[in-house]
Amino acid sequence: LLAYPVCDNESWKYGSVEKYQYAPWSKTANEQMWRIFLMRGCSDLKKVIPMKNNLHGLPPTYIEPLEIDILRDEALAYSEKLRKANVAVTCNLVKGAYHGYDADLKSPLVKKIFARRYEIIRSFIE
C-alpha cells in the first residue's frame, strides 16, 4: 500500500512538480529530501529509487496519488510501470486531496479513504 509515494529522484520530469510546486509538500521540500536521502551516496540506485528498479515479481500493489500534489504524476508513472511489469495494481487518484490531507481524521473524505485502505489490506492478507 503506497499512499502518495515518492518514487523517483528525477521529479523534474513530471508536470505535477511545477503545477503544484507550492502545495503543502513543495518542490523545494522534495528536492531537499532527495539530497538528504542520497547525500552519503549509493552504489546501486535501484535499491532505493522505485522508478529505477526492476518491478517484475512484486506483490499486488495499491497506489494512492493525490490530485493536488507534486508527487501525483510520478506515482501514476510508477503505477503504469508496475502494470507493464505484470504486477496487479490498483491506483486510486484521490480527487481534491493534497499531501498530508489524511491527518484530518474527522474528515468524511479521510474516513472514506481509510476504509478503502483497510479493505485493500484485508484483500492482500486473505
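Glu64 is in contact (heavy atoms within 4.5 Å) with Leu2, Ala3, Tyr4, Pro5, Asn92, Val94, Tyr101, Ile113 and Arg117, leaving out residues up to four places away in sequence. The model is predicted, so local features need pLDDT of at least 70 and side-chain atom pairs count only at pLDDT 80 or more, while totals for chains, interfaces and linings use all residues. Residues are numbered from 1 along each chain as its sequence is written, and side-chain values use heavy atoms, with hydrogens and water left out.

**Glu64 and strand E2**

- Glu64 belongs to strand E2 (residues 61-64); strands (E, at least two residues) and helices (H or I, at least four) are DSSP runs numbered from the N terminus.
- Glu64 is buried, with a relative accessible area of 0%; buried means under 20% relative accessible area, exposed over 50%, and partly exposed in between, using a 1.4 Å probe and protein chains only.
- The side chain of Glu64 makes a polar contact of 2.5 Å with that of Arg117 and one of 2.7 Å with that of Tyr62.
- A polar contact is a pair of N or O atoms within 3.5 Å; within protein, one must be able to donate a hydrogen and the other to accept it, and residues adjacent in sequence count only if both atoms are side-chain atoms.
- Tyr62 and Glu64 point one way from E2 and Thr61 and Ile63 the other way, and all are buried.

**Strand pairing**

- Strand E1 (residues 2-3) runs parallel to E2 and is joined to E2 by two bridges; strands pair if DSSP finds at least two bridges between them.
- Leu2 stands opposite Ile63 in E2.
- Strand E4 (residues 89-91) also pairs with E2 in the parallel sense, over three bridges, and Val89 in E4 stands opposite Thr61.

**Nonpolar cores**

- The largest nonpolar core has 16 residues, of which Ile63, Tyr78 and Leu82 touch the most other members.
- Helix H3 (residues 72-84) supplies the largest share of this core, three residues.
- A nonpolar core is a set of buried Ala, Val, Leu, Ile, Met, Phe, Trp, Tyr and Cys residues joined through side-chain atoms within 4.5 Å.
- Apart from neighbours within four places in sequence, Leu82 is in contact with Leu55, Leu58, Thr61, Ile63, Val87 and Val89.
- A second, separate core of seven residues includes Tyr4, Val94, Val110 and Ile113.

**Cysteines**

- Zero disulfides (pairs of cysteine sulfur atoms within 2.5 Å) are found in the whole structure.
- Cys42 is partly exposed at 32% relative accessible area, and its sulfur is too far for a bond because the closest cysteine sulfur, in Cys7, is 16 Å away.
- Cys91 is partly exposed at 27% relative accessibility, and its sulfur lies 10 Å from the closest cysteine sulfur, in Cys7, too far for a bond.
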